Amino acid sequence: MAATSAPMGIVTSSQRALVGHVAAVDGTSVYDGDTLTTAPNGAIRLQFGGSQMVLTGATVVSLNKTDAGVTATVVSGSVRFASVPGSLLEVRTLKSVVIRSKGDESAVGELTVTGPASFQIGSTKGALDVAVNGVDHTVDASTAYNVSLEGEADGGAGGQKSPRAAGTSGGIWIAVAAIAAGTGVALWLAFRSPSKP
């Protein structure tokens, strides 16, 4: 028999969620290649070493192990995530978008897929590095953006130019209201290790 791969993480709380086709319960291990799904009124929280992620309702995420840590690909829905130094959690979406904490600092962020070629990204603690088609953007703490991957090369309908230069392929970024600090602080406190002050 082939050796069973080691788990990448663990479910710390779950409500109306699946790991693959099996109901997720507290303590369920997750492995390379697993797909997580939440019902419209469901949620699931996972821990990957020191990093954590929460899937809110109607969300689908696939997990993969990398040399550096864990990659979570958001197919649909919304996730909140906390990445800490030494425990890399990389979040991907829409084939060309890669999100990770910037530098060696801890970061807490939120990602929502809003359409087949659009998403919203925000940070509630620390800075995020967001690469779109290889073009890097920094999302600072308490800021959020709506990002569209459509029309950046040709200016969209009517020939109007986008806020970014044509052909940059980094998406059209529009600042939106800052994420509530209270939500970010509560999420960060929930993610902190009990052994830390």
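Student: What does the chain average in pLDDT?

Tutor: The average is 83, and 78% of the residues score at least 70. The term pLDDT stands for the predictor's confidence in each residue, from 0 to 100.

Student: Where is confidence lowest, and where is it highest?

Tutor: The lowest mean, 46, belongs to helix α1 (residues 181–191), while strand β6 (residues 60–65) has the highest, at 97. Helices (H or I, at least four residues) and strands (E, at least two) are DSSP runs, numbered from the N terminus. Over residues 152–168 the pLDDT is below 50, and this stretch has 22 contacts in the model beyond near neighbours in sequence. A contact means heavy atoms within 4.5 Å. Residues 181–197 also have pLDDT under 50, with 19 contacts beyond four places in sequence. Where pLDDT is low, the predicted coordinates should not be read in detail.

Student: On to the strands. How many residues of β8 are buried?

Tutor: Five of the six residues of strand β8 (residues 78–83) are buried, which leaves the strand mostly covered. Buried means under 20% relative accessible area, exposed means over 50%, and partly exposed lies in between (1.4 Å probe, protein chains only).

Student: Which strand does β8 pair with over four bridges?

Tutor: That is strand β5 (residues 51–55), and the pairing is antiparallel. Two strands count as paired if DSSP finds at least two bridges between them. In this pairing, Met53 stands opposite Phe81 of β8.

Student: And how many bridges join β8 to β11?

Tutor: Six bridges join β8 to strand β11 (residues 107–115), and the two run antiparallel. Phe81 has Gly109 as its bridge partner in β11, and Ser78 stands opposite Thr112 there. Strand β11 is itself mostly covered, with seven of its nine residues buried.

Student: What do β11 and β12 form?

Tutor: They form a hairpin with two residues between them. Their pairing is antiparallel over seven bridges, and Glu110 stands opposite Gly122 in β12.

Student: Which residues have the most contacts inside the largest nonpolar core?

Tutor: They are Met53, Leu63, Phe81, Phe119, Ile121 and Val130, in a core of 37 residues. Strand β4 gives the most to this core, with four residues. A nonpolar core is a set of buried Ala, Val, Leu, Ile, Met, Phe, Trp, Tyr and Cys residues joined through side-chain atoms within 4.5 Å.

Student: Is Leu46 buried or exposed?

Tutor: Leu46 counts as buried because its relative accessibility is 0%. Leu46 lies in strand β4 (residues 35–48), and its contacts beyond four places in sequence include Ile10, Val30 and Met53. The C-alpha atoms of Leu46 and Phe81 are separated by 9.4 Å, with the two residues 35 apart along the chain.

Student: New topic: how many aromatic pairs are there?

Tutor: The count comes to two aromatic pairs. Rings of Phe, Tyr and Trp (its six-membered ring) pair if their centres lie within 6.5 Å; planes under 30 degrees apart count as stacked, over 60 as edge-to-face and the rest as tilted.

Student: Why is the pair of Phe119 and Trp173 edge-to-face?

Tutor: The planes of Phe119 and Trp173 stand at 85°, with the ring centres 6.4 Å apart, so the pair is edge-to-face. Phe119 is in strand β12 (residues 118–125) and Trp173 in strand β16 (residues 172–176), so the pair ties together parts that are 54 residues apart in sequence. Both Phe119 and Trp173 are buried.

Student: What about Tyr145 and Trp173?

Tutor: Their ring centres are 5.4 Å apart and their planes at 70°, so this pair is edge-to-face. Tyr145 lies in strand β15 (residues 143–148) and Trp173 in β16, so the pair ties together parts that are 28 residues apart in sequence. Tyr145 counts as partly exposed because its relative accessibility is 22%. Phe119, Tyr145 and Trp173 form one aromatic cluster.

Terms used: Residues numbered from 1 in each chain as written. Predicted model: local features only at pLDDT ≥ 70, side-chain atom pairs only at ≥ 80, totals over all residues. Heavy atoms only, no water.
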